[in-house]
Amino acid sequence: MQEHETQNMSFDMTSSIRSFDVDSLAVEVGEILYHSQITNRFCYGFCSDLMSDLLTIDATETVLITGLITKQTIRTAHIAEIHCIIFVRNKTIPKELIQIAQELDISIIRSPHTMFRVCGILYGRGVKAIY
């Protein structure tokens with residue numbers, strides 16, 4: 001596999017899939033409220049406010065984009081092995097949720113943009129849809 005890496009993005013020359021780390025995702029769409037201690041790369045994006053939908057996908061290397069600010073969002077992401085959540089529409093994230101994300105080591109990004117715009121930005125940069 002040939003891989004080319006620039007800054008925090010890598011590009012697999014054979015499969016045309018780009019991967020991003022948390023820092024590069026935040027540069028594109030918002031600010032980091034908590035950065036996981038684990039270095040993860042993300043190739044896929046999935047947006048939903050229905051956490052039951054999240055449990056139906058293979059979430060490997062996936063970032064969750066949602067406007068649902070609840071404890072259930074963080075806990076469901078953990079069960080689905082999601083390691084980064086982007087909360088949209090500049091909503092206030094309660095400290096309690098950030099604390100749960102820290103306990104479960106899930107990166108949290110807050111974006112001032114709508115869900116539609118965040119998806120468009122990430123798709124335009126090479127993040128792929130799950131399906």
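Reader: Which residues are exposed on the other side of helix 5?

Author: Exposed means over 50% relative accessible area, buried under 20%, and partly exposed in between (1.4 Å probe, protein chains only). Helices (H or I, at least four residues) and strands (E, at least two) are DSSP runs, numbered from the N terminus. Here, Phe116, Tyr123 and Gly124 are exposed on that side of helix 5. This is a predicted model, in which local features need pLDDT of at least 70, side-chain atom pairs count only at pLDDT 80 or more, and totals for chains, interfaces and linings use all residues. Residues are numbered from 1 along each chain as its sequence is written, and side-chain values use heavy atoms, with hydrogens and water left out.

Reader: Which residues of helix 5 are buried?

Author: In helix 5 (residues 115-125), Met115, Val118, Ile121 and Leu122 are buried. They line one face of the helix, because they fall within an arc of 130° seen down its axis; the arc is that of the directions from the helix axis to the C-beta atoms.

Reader: How many salt bridges does the structure hold?

Author: A salt bridge is a side-chain nitrogen of Lys or Arg within 4 Å of a carboxyl oxygen of Asp or Glu. The structure holds 4 salt bridges. One of them joins Glu28 and Arg125, with the closest N and O atoms 2.7 Å apart. Glu28 lies in helix 1 and Arg125 in helix 5, so this pair ties together parts that are 97 residues apart in sequence.

Reader: How are Glu28 and Arg125 classed by accessibility?

Author: Glu28 counts as partly exposed at 21% relative accessibility, and Arg125 counts as partly exposed at 38%.
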